Amino acid sequence: MKGTPMRLLNSPTAGPGGTALTAPDSPTTVYCVVSGKGGVGKSSVTVNLAVALAARGLRVGLMDADVHGHSIPAMLGITTGPTLVERRMVPPTVFGIRVLSVGMFAEDNAPIVWRGPMLHHALRQLVHDVDWGELDVLLIDMPPGTGDIAISLAQLLPAAQLLVVTTPQRTAARIAERAGAVAAKTGQRVAGIIENMSWYDTPDGTRHTLFGVGGATAVSRALSGLLDTYCPVLGRIPFDPGVCAAGDDGAPFTHTAPESAAARAVAEIAATLAATRSLHSG
């Protein structure tokens, strides 16, 4: 990818001042959706959770911070970028959520080749140079692992909470623990653990645990001990082949198949987060 983040985001106005997202009294609850490794369905969980929260009447934003592996625009069928109003970017809205991704500035699926300082500058622009409007919730789709982006966003949005996505597989769970353990270094809170692809129910009703069992419980136990505070399992989402197809079609399954088992599981997680947010804001 050519150019600098400043040129790519087309908004050379980032300054030292804060935004509504960074204000101490910000009404926006920010969740960084993290995983220790790729392949656990983190982006799919993020997209569908955003749609489910919006369906509950919340004002939702979605930031794709997975700079090198961005997939949010494709999963939501977005083909346009933000508009520029008074030198600030206004994200497009789809399925009731405001969405912004560095991928909106990439041409023809070109790779984004940035090192640490450039990554930090781009993320700073996504926080400071974007008119997100009034949001109740901002979900941030994070890259796998614990690298520069996790550190930068912890600095830019220190009040952000972590949602840790894992599969039932114990190996994946051990790696997911590392992503949640970042909170011990940054002072952030782990809002909870989401287990994806927990089981698969065949048409005859037989349940198959394709990736083992117990991953989310293991992550919850490990992080609760490490952080000395309870990190709950927020929910378990069953495996559904239609999830992949929905993402490829740019239509989240929580929108196209709200009665499916996977969509109902995501809706229950959204309800829990909405209730927790109301309790804390009250």
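Predicted model: local features only at pLDDT ≥ 70, side-chain atom pairs only at ≥ 80, totals over all residues.
Leaving aside neighbours within four places in sequence, which residues is Leu49 in contact with? The legends below start there.

View 1. Residues are numbered from 1 along each chain as its sequence is written, and side-chain values use heavy atoms, with hydrogens and water left out. Once neighbours within four places in sequence are set aside, Leu49 is in contact (heavy atoms within 4.5 Å) with Leu139, Leu163, Ile194, Val266, Ile269, Ala270 and Leu273. The largest nonpolar core has 81 residues, and Leu49, Leu139, Ile140 and Leu153 are those with the most contacts inside it. A nonpolar core here is a set of buried Ala, Val, Leu, Ile, Met, Phe, Trp, Tyr and Cys residues joined through side-chain atoms within 4.5 Å. Buried means under 20% relative accessible area, exposed means over 50%, and partly exposed is in between (1.4 Å probe, protein chains only). Of the protein's 282 residues, 52% count as buried.

View 2. Helices (H or I, at least four residues) and strands (E, at least two) are DSSP runs, numbered from the N terminus; the protein has ten helices and twelve strands. Asn48 sits in helix 2 (residues 42-55). With a relative accessible area of 3%, Asn48 is buried. Not counting residues up to four places away in sequence, Asn48 touches Pro252, Phe253, Thr254 and Val266. Helix 2 is mostly covered, with 13 of its 14 residues buried. From first C-alpha to last, helix 2 reaches 20 Å, close to the 20 Å expected at 1.5 Å a residue (that is, 1.5 Å times one less than its number of residues). Just after helix 2 comes Gly57, with a positive phi of about 95°.

**View 3. Helix 8 and its buried face.** Look for Val243, Ala246 and Gly247, the buried residues of helix 8. Seen down the helix axis, they fall within an arc of 95°, so they line one face of helix 8. That arc is taken from the directions from the helix axis to the C-beta atoms. On the face turned away from the buried side, helix 8 carries the exposed residues Cys244 and Asp248. After helix 8 comes Gly250, whose phi is positive, near 70°.

**View 4. The aromatic pair.** The structure holds one aromatic pair. Rings of Phe, Tyr and Trp (its six-membered ring) pair if their centres lie within 6.5 Å; planes under 30 degrees apart count as stacked, over 60 as edge-to-face and the rest as tilted. The pair links distant parts of the chain: Tyr200 is in strand 10 (residues 200-201), and Phe239, 39 residues apart from it, is in the loop between strand 12 (233-237) and helix 8 (241-248). Tyr200 counts as partly exposed because its relative accessibility is 24%, and Phe239 counts as partly exposed at 30%.

**View 5. Ser101 in strand 6.** Ser101 belongs to strand 6 (residues 97-101). Ser101 is buried, with a relative accessible area of 0%. Leaving out residues up to four places away in sequence, Ser101 touches Asp64, His70 and Pro73. Ser101 and Asp64 are 37 residues apart in sequence, yet 4.6 Å apart in space, C-alpha to C-alpha.
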